[in-house]
Structures are given as C-alpha cells and as structure tokens.
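Hello,

Here is the structure I promised to pass on. Please have a look at it first, and then read my notes below.

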Amino acid sequence: MLARRLVAVSSLLAAASACAEPLTYHLTDPAQKYAIDVVFPTPPPKSYEGAPATVILHDKASGRELQRIESQDAYATFTEKGDQLAINRAPMYGDQSVLFFDDFNFDGHQDLAVRNGSEGGYGGPSYDVYLFDPASSMLHFNAAFSSLTRDGQLGMFGADAKAQRLYTSSKSGCCWHQQATWAVIDNVPQMVGEKIEDATAGVYAQWPMLPQGYIQELDRELVDGQWKETSRFVGPYTEDPVMLRGTLNGKLAVDLWWQRQGEAFIGEVRYTKSGSGQPIRLIGEQTEEGKITLHEFAADGQMTGHWHFDERTESGGGRIGRWLSGERDFTARMSAVEVPVSSVSLGPGD
C-alpha cells in the first residue's frame, strides 16, 4: 500500500512538473505558531528530488503573512499518506525532512532549519538554519549553526533542550566514525566533546602488533578550556558461537564450539564419554581458503590435536571435519546443537 501511495505521489509530482504549475504544501509547526505554505514554483520531477522552494510563514491565528524564506534546493519528502511534507524527521541514512523546528540555541524560542542542498557528508542533506530574534519577531539566517550540517556532517544535527547540547555525526568510509557534542556559547555553537571510533589502517600502522578486529576509541572533553583525552581499544568484533555435537570416526563422542573474535577463533572441545569430560581449550584461525583450523591445548599447554572444518555448513547447520594428532586422522561428523560453554571462555565477546 505504501509503495502504491509513493508511486501516486511521484506521478502527481511528474504531472505537476509537466504542466509547470506551482505545487503547494500546507503545514503547521510543533508549537502551533505558524500556518506554513511550502511552494515549489516548478515542482521536482519526482519525490525525494530537489527543486527551488519558498517557505511562507503565516500567523496561525490571524493568517497574516509574517516572513518568506527561499531555498534554492529544497527536497520534497512525504508522509505515508502522501499528501504533505514530513517535518522533523532525521534518520541518519534515510530521507530527511525539508523543515525542522526546534530551539537550536536554547533561548526559549522556536527556530527553523530549511533543507537547501546536499552539502553534508557523502552528498547528504544540508540545511540553512534560521534563529528567531525576539526583538524583530523574525527568523534570521545563522551561518555558524548552518555549518553544523555541512563539511562532512551526516545531515541535520540533534538538539537536547534539557542538556542544552547539540549533537552531530560524521564518518569516513566504513571504519572511522565521530559523534560530536556542542554547547551554545554567546549564541555560537562550540564543540565541547567528541567520541571517535577508528578501525582504519592507520591504527594498525601505529600499533603493528594489534590483532585485527579491534577499534580504537578516543574520547575528548573540553574541561576548563583544556581538552582532556582518553583512548582505549575495544573489541574485537565477534560472531555468534558455532556449537556442534557428534563423533570422531563414528565412535568417540564430542561436544565442540568455537567463536570468531576479530581474526582469532577461540573455543572448547569436550570428550563427553571418555576422559574427564572437562573442556579443552581451542585456539585457531581461518585460512586463506576459508577453512577453519582449531588447535587443541591441554591444561599444561601441550598441543594435543588439530581440528579442521570447511567454512561451508551441511544441511541443518552440521559440519564434517577432521581431527589430527600425530599419525591419527579421524573424521568428525557433527550436528548443530546447543552445547555447554565455560563461563570464562567467551572472553570479550560474551
């Protein structure tokens, strides 16, 4: 149903564009102060595309026109009903609204941000921010607040009235992310904190012995005019444990599990009907061919065997592998089941 509605809206826009008649949307703000017309003199050819627009603010009570704001590159994003523009909607990687109303400078008055272009990070939305001036009862463009939506920022910033802080996000590729915190000082946003998560090659160039799969977290906070920094490594990233039960050569009963933690694989094996039945540590890696090799270590540190599994799973999640120790070479036939896991085994990923 939603897809059909969006198609209908897109068709409406295309038809309106073809006949070059203005397209007008009627809105109101969260404070119920304005009756708003958003007018596209020449409508965009389809939904979510940019076109020049005029935002006309009327006094909601009297209908008197108060102010006009121009955008050379506004974007039309629609509600599910398909009959009006959505406001104050800011998914980081989705379609953000053309209008945002909030108290951006925390002076007790509602301000306005208007979509004008795609100068944010990765061609994302950028906004012109207008602050309300009580002396003139008008909204005035503010370059400093507008810049928080440009130069790599991921769209419209967030505002927390209780904490009196603004929040922006930016990134570089898959492996570098920043969240910044801003205070408003003398009506100018100033960064007072940031958190950076870095898993880029530069981290591993600086720390060549660091295993793959870790992230360096840097926290910076402005305290009494001085930046205080703390840095730590977190991770490694983990995958859900693989848990198997089966036999070696159809006779020796075993429970086995492993979990990927960064580039390393850790796990345990229990010989459930022979020996002590206690868990034996497994440590391994994945080969370039995609096979998983797990080395079996006794409590005294002696390597007692090696397990080899293809990355490919059998029907139902089972696997066929091999166990090797000296001249012994056994076939492992395993089924996916829940098996016991020692409470100290999972480490960072538990």
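Is Asp 219 buried, partly exposed or exposed? Asp 219 has 22% relative accessibility, so it counts as partly exposed. The classes are set as follows: buried is under 20% relative accessible area, exposed is over 50%, and partly exposed is in between, with a 1.4 Å probe and protein chains only.

Before the rest, a word on where this comes from. This is a predicted model, in which local features need pLDDT of at least 70 and side-chain atom pairs count only at pLDDT 80 or more, while totals for chains, interfaces and linings use all residues. Residues are numbered from 1 along each chain as its sequence is written, and side-chain values use heavy atoms, with hydrogens and water left out.

Now the overall picture. The protein has three helices and 22 strands; these are DSSP runs numbered from the N terminus, with helices being H or I of at least four residues and strands being E of at least two. Of its 350 residues, 41% are buried. The protein exposes about 18,500 Å², with carbon and sulfur atoms supplying 52% of that (Shrake-Rupley method, 1.4 Å probe; for residues, only the protein chains shown count as cover). Among contacts with a separation of 6 or more, 37% are between residues 24 or more positions apart, where contact means heavy atoms within 4.5 Å.

Back to Asp 219 and its partners. Asp 219 forms a salt bridge with Arg 232, and their closest N and O atoms are 2.9 Å apart. This pair links distant parts of the chain, since Asp 219 is in strand β13 and Arg 232 is in strand β14 (residues 226-234), 13 residues apart. Arg 232 is partly exposed too, at 37% relative accessibility. Both residues belong to a network of salt bridges that also links Lys 195 and Glu 217. By a salt bridge I mean a side-chain nitrogen of Lys or Arg within 4 Å of a carboxyl oxygen of Asp or Glu, and the count by this rule comes to 13.

Two other salt bridges may interest you. Glu 194 pairs with Arg 220, the closest N and O atoms being 2.6 Å apart. Glu 194 is buried at 10% relative accessible area, and Arg 220 is buried at 17%.

Arg 150 forms a salt bridge with Asp 128, with 3.0 Å between the closest N and O atoms. Here Arg 150 sits in the loop between α2 (143-146) and β9 (158-160), and Asp 128 is in strand β7 (residues 127-133), 22 residues apart. Arg 150 has 14% relative accessibility and counts as buried, as does Asp 128 with 9%.

There is one disulfide, meaning a pair of cysteine sulfur atoms within 2.5 Å. The disulfide joins Cys 174 to Cys 175, with an S to S distance of 2.5 Å. Their link is left-handed, with -55° about the S-S bond. Cys 174 is exposed at 62%, whereas Cys 175 is partly exposed at 26%.

Finally, a loop residue: Asn 105 is found between β5 (99-102) and β6 (111-115). Asn 105 is buried, with a relative accessible area of 8%. Leaving aside neighbours within four places in sequence, Asn 105 is in contact with Asp 111, Leu 131, Phe 145, Val 184 and Asn 187.

Best wishes
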